[in-house]
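Let's take a walk through this model, one spot at a time. Keep the structure open and follow along.

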Amino acid sequence: MCGIVGYVGRAEAAPILLDGLRRLEYRGYDSAGVAIVTRGHLETRKCAGRIVALASLMTKQPLSGSFGVSHTRWATHGKVTDENAHPHFDASGKLALVHNGVIENYQALKEQLIQGGDTNFRSETDTEVLAHLIGKLYDESCASTVDAPQKKARLLTAVRTALQQVIGTYGIALVHAEVPDFMIGARRGSPLVLGVGKEENFLASDVSAIVAYTRDAVYLNDFDVVALERDKFEISSLAGEIGDYRVSKVEFTAEDIKKGDFRHYMLKEIFEQPNTVRDAMRGRLSLEECTAKLGGLNMTPAQLRDVGRIVLTGCGTALHAGRVGEYLIERLANIPTEVEYASEFRHRNTPITPETLVFAISQSGETADTLGALRESRRKGFRTLGICNNVASTIARESDGGVYMHAGPEIGVAATKSFTSQLVILTLLGLLFGRMRNLSTSEGSRIIEALEALPGQIEEVLNLSDQIKAIARTYADVNGVLFFGRQFNFPIALEGALKMKEITYLFAEGHPSAELKHGVIALVRPDLPSVFIVPDDAVFSKNLNNMEQVKARKGPIIALTSGNGAKQLKNVANEIISVPEAPDCVMPILTVIPLQLLAYHLAVELGRDVDKPRNLAKSVTVE
Ligand code: F6R
């Protein structure tokens, strides 16, 4: 959510900043801007719209200089306008600041500044208030003549003093026209990474922005303040104490974040799933003991055995994975399991017993609500584990242990491959906990066989893409889509509806099939198709009854089935998509993929911006 890129080095900053913004555009894309110090003057270009609009503005009005900051915005405070786009400036116009997060007390700070005579605000944003505050503190500290090193130190002090007054979250980068070749970054609650180069250094909210220039990264912690020059950097605390840091190697390359031959990142990521599912279980299956090995949980066998309750928390797609996990863990391990929206969990007084284990599920590992839930759970003393994709993320670092997805960077705003990786990991957890309890070796090895068969089966499902595209064309003028499923496939109905809403903007809802007759059936009509997820399993005939109820009311039906299901659905469904057979607990990994493809093809048919759907942003780092 919002992207920051900063550069200080010897090269021209503008192309590096623009390139970084393009790679971060999936994090926010309503406006963008760049500020570069050119011969002692701060110059900016910013505008509402996509990076392409900013790039064309910069072609007409180029900027030259070797240090600067840039930003792509997802609006929180203030409308989407040129004025509200970042960077924002202090009253003198010499300091430029970009910011991710929310300054909660910005109104109070603004009042103070206004009372002090500063009325020169040009935007409605919280960020501009912070820029003014830092600028004021800096100007006051430089009232008498100071030399260059003193200016650096005073700017740093001004940043620290201002941030100590801030309530809220921030990831910031700033430059000042009077302090050449110098940039400051700081974070609290919004990710910020320092890229270490040769005679150049970078700041970014996400390492993908800078991985084309360096793979050496320092992931900043909350309350870190970093001062960067071309050939050195220093990390300190908000209180000014010099801190420790570790330079890590970024685990992917710039090549990994290219679209390749695919039209969209989302399609590329859907087609990566045979590999990502394989990677999620690689080295984690023990054929001999018919169980899973998850060393990252950091728990002894006795601790694993004594887990009495599990809480799975997350947001959006990650929450839907948790909902499948609830069925899985209860089925395989018979441990009471609950799923809780992260945003609700942290504010609710959920009774949790001492033997409860909490999992925070998050692709990005930076989602503010999930991070809040993790912190609340740890504050109360519960062992809290992460299921994350981003290994350097805050959730991964702050949890007591966990399991990485190893799915590679997910750029498409709609989550796809991360979901199936989460499902694999939750199956592994069900298997592990089950085998610590009553799950037999034969049941354990049946699950392992099913997991190992998945990559090949996913290839078969991906071969259905053309059939699904044809279905999408047939239904391109519908007014919405309903999704129904039972048991393990009820959460898949929710996920199918979420994908549909996100990228087609069509009305879509997911429900347990049997809920149909308790109200939803009132919506059924000829221009509103129902997608039924009905694998050939124990609840097939019950699903069939619900489909008949829809058919009787002239609602079109798209059925997603397996095995012999297709034969039995011939006279009920208008369209039938058939996936390979699998045990019911791993079936969601196969049934969700046609729904990802259906949403994708329908969105393309409707001319939507699939990778950057309106109003959305990847990685929601504000509450
Ligand atoms: C849906 C989607 C969102 C995310 C949610 C959580 O396609 O992408 O619903 O799943 O914002 O994100 P993470 O998993 O990064 O915590």
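Thr 276 is buried, since its relative accessible area is 4% (buried means under 20%, exposed over 50%, and partly exposed in between, using a 1.4 Å probe and protein chains only). You'll find Thr 276 in helix α7, residues 273-281; helices here are DSSP runs of H or I with at least four residues, strands are E runs of at least two, and both are numbered from the N terminus. Before going on, note that this is a predicted model, where local features need pLDDT of at least 70 and side-chain atom pairs count only at pLDDT 80 or more, while totals for chains, interfaces and linings use all residues. Residues are numbered from 1 along each chain as its sequence is written, and side-chain values use heavy atoms, with hydrogens and water left out.

So what does Thr 276 touch, leaving aside its neighbours within four places in sequence? It is in contact with Ala 407, Lys 417 and Ser 421, where contact means heavy atoms within 4.5 Å. Val 424 is 148 residues from Thr 276 in sequence, yet their C-alpha atoms are 9.8 Å apart in space.

Val 424 brings us to a helix pair. In α13, Phe 419, Thr 420, Leu 423, Val 424 and Thr 427 meet Pro 588, Ile 589, Val 592 and Ile 593 of α19. Those contact residues come out as seven nonpolar, two polar and no charged (Ala, Val, Leu, Ile, Met, Phe, Trp, Tyr, Cys and Pro count as nonpolar, Asp, Glu, Lys and Arg as charged, and the others, Gly among them, as polar).

Now for the rings. Searching the whole structure turns up six aromatic pairs, meaning Phe, Tyr or Trp rings (the six-membered one for Trp) with centres within 6.5 Å; planes under 30 degrees apart are stacked, over 60 edge-to-face, and the rest tilted. One of them is Phe 202 with Tyr 213, stacked at 5.6 Å centre to centre with 25 degrees between the planes. Phe 202 sits in strand β10 and Tyr 213 in the loop between β10 and β11, so the pair ties together parts 11 residues apart in sequence. Phe 202 is buried at 0% relative accessibility, whereas Tyr 213 is partly exposed at 31%. Ring pairs also link Tyr 7 with Phe 202 and Tyr 213 in a cluster.

Lastly, look at Arg 323: its charged end sits over the ring of Tyr 341, 5.7 Å from the centre (NZ of Lys or CZ of Arg must be within 6 Å of the ring centre and within 35 degrees of the ring normal).
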